[in-house]
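Thanks for coming. I have one structure to go through today, so please look at the screen.

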Amino acid sequence: MAEIQLRNIKKRWGHVVGVDNFDLTIADKEFLVLLGPSGCGKTTTMRMIAGLEDATDGDILIDGVRVNDLEPKDRDVAMVFQSYALYPNMNVYENIRFPLKVRGVDTALHDERVMQAAERVELTDFLDRKPAALSGGQRQRVALARAIVRKPKVFLMDEPLSNLDAKLRVSTRAQIKNLSHDLAATTIYVTHDQIEAMTLADRVVVMKKGVVQQVGSPTEIYDTPANTFVASFIGNPAMNLVDGEMTGGTFRAPNVEIAGLAGPDGRVTLGFRAEDASVANAGGEINAPIYTLELLGDATMVSVRIGGQLVAVKADKTFRSEIGDPVSIHVHKDHCHLFHAETGARIGE
Ligand SMILES: Nc1ncnc2c1ncn2[C@@H]1O[C@H](COP(=O)(O)OP(=O)(O)OP(=O)(O)O)[C@@H](O)[C@H]1O
Ligand SMILES: [Mg+2]
């Protein structure tokens, strides 16, 4: 059992705000992902929970007990770092065993626990090797094994896949998901890769410049982004955003006219996803020359320019045309999002 409560935690260094008013309860066994661009405060948040960084303000509770003043080793939290931080002079076996020694776990239990952890991440063939003689992916797995060997209540993983190539990322990602399910530990996982966030998370926290932008299930974050920042951070391609004007439920921008929307009159930002629009023969809501065409295999991505903004539409994989040719795009109005022109905040539900 490990519920983590973060009550308005903050981290400041002089005038620099690393994390501002982070307030969230993370349920027992939940897989929570912190997502955001470089420098948004992900690592700092993790380090505060682990006890490697003091919170400037606010309370951190694990199972109802305030841990702000507890040493990292007394928090029953295992952290996998952004860099693997393995001991270069110890072999894989000793690296994995190290946390058991530090915590004074009965030595009679060490061998079994180390072997279990090594097996879990498929490292049994490498136990005698030093980290220098391992590949990046193998080192990453040693770091994982070192975290799971302790059977902690809480896992903190800071971009544990950052040093892997694309293929290994996908397989290790699956391994981590399976691992966290089996170990039934509460996991906080940091990434700036939105695919990783969507595939792993029970809930995602999107951060920007130290401030939480939205907390929700992957579906909520994807379907109802709280603001234009979240909308433009989640999804591949990101949500199309077009600045324009609403009058009587009709949105207008150069080459765009979409009727039947629910929103106030005035300047707004319209959002819709590439897959929520299609290429029409004529009479679509957007009519503009093609800016570029990208063949993706399963679809053709067609882009047009509206004002200064590129708008992408997922067309059939057989769609072919030339750059500069006119195209008519049908935007499904039920899948349109409206955001305040100034604040970027979502308008409506
Ligand atoms: N010791 C420090 N002193 C001053 N500022 C710091 C310190 N540590 C971190 N920061 C700043 O706090 C902010 C958050 O840093 P943090 O390491 O949490 O970002 P991150 O989200 O993990 O980014 P990345 O994806 O690049 O790892 C950054 O602007 C960083 O420069
Ligand atoms: Mg970081």
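I will talk about the ligand site and then about a pair of helices.

A caution before the details: this is a predicted model.

Let's begin with ligand 1. There are 13 residues around ligand 1, and those that come nearest are Ser 38, Gly 39, Lys 42, Thr 43 and Thr 44. In Ser 38, an N or O atom of the side chain is 2.5 Å from an oxygen atom of ligand 1. For Thr 43, the corresponding distance to an oxygen atom of the ligand is 2.7 Å. For Lys 42, it is 2.8 Å. As for cover, ligand 1 on its own has 640 Å² of accessible area, and the protein covers 62% of that.

Which elements supply the shell? Strand S2, residues 16–26, and helix H1, residues 42–50, each give at least two residues to the shell around ligand 1. The largest share comes from H1, with three residues. Sorted by class, the shell holds eight polar, three nonpolar and two charged residues.

Now the helices. Two packed helices are described by the angle between their axes and the distance between the axes. Here the pair is H2, residues 92–102, and H3, residues 107–120. Their axes come within 9 Å and cross at roughly 130°. Because of that angle, H2 counts as oblique to H3. The crossing of H2 past H3 is right-handed.

Definitions and conventions
Residues numbered from 1 in each chain as written. Chains lettered and ligands numbered in written order. Predicted model: local features only at pLDDT ≥ 70, side-chain atom pairs only at ≥ 80, totals over all residues. Heavy atoms only, no water. Near = heavy atom within 4 Å. Polar contact = N/O pair within 3.5 Å; in protein donor to acceptor, adjacent residues only side chain to side chain. Areas by Shrake-Rupley, 256 points an atom, 1.4 Å probe, with all protein chains shown as cover. Helix = DSSP H or I, 4+ residues; strand = E, 2+ residues; numbered from the N terminus. Nonpolar A, V, L, I, M, F, W, Y, C, P; charged D, E, K, R; others polar. Axes fitted to C-alpha atoms, helices over the stretch in contact; angles between N-to-C directions. Parallel < 35°, antiparallel > 145°, perpendicular 65-115°, else oblique. Left-handed = near helix turned anticlockwise from the far one by under 90°.
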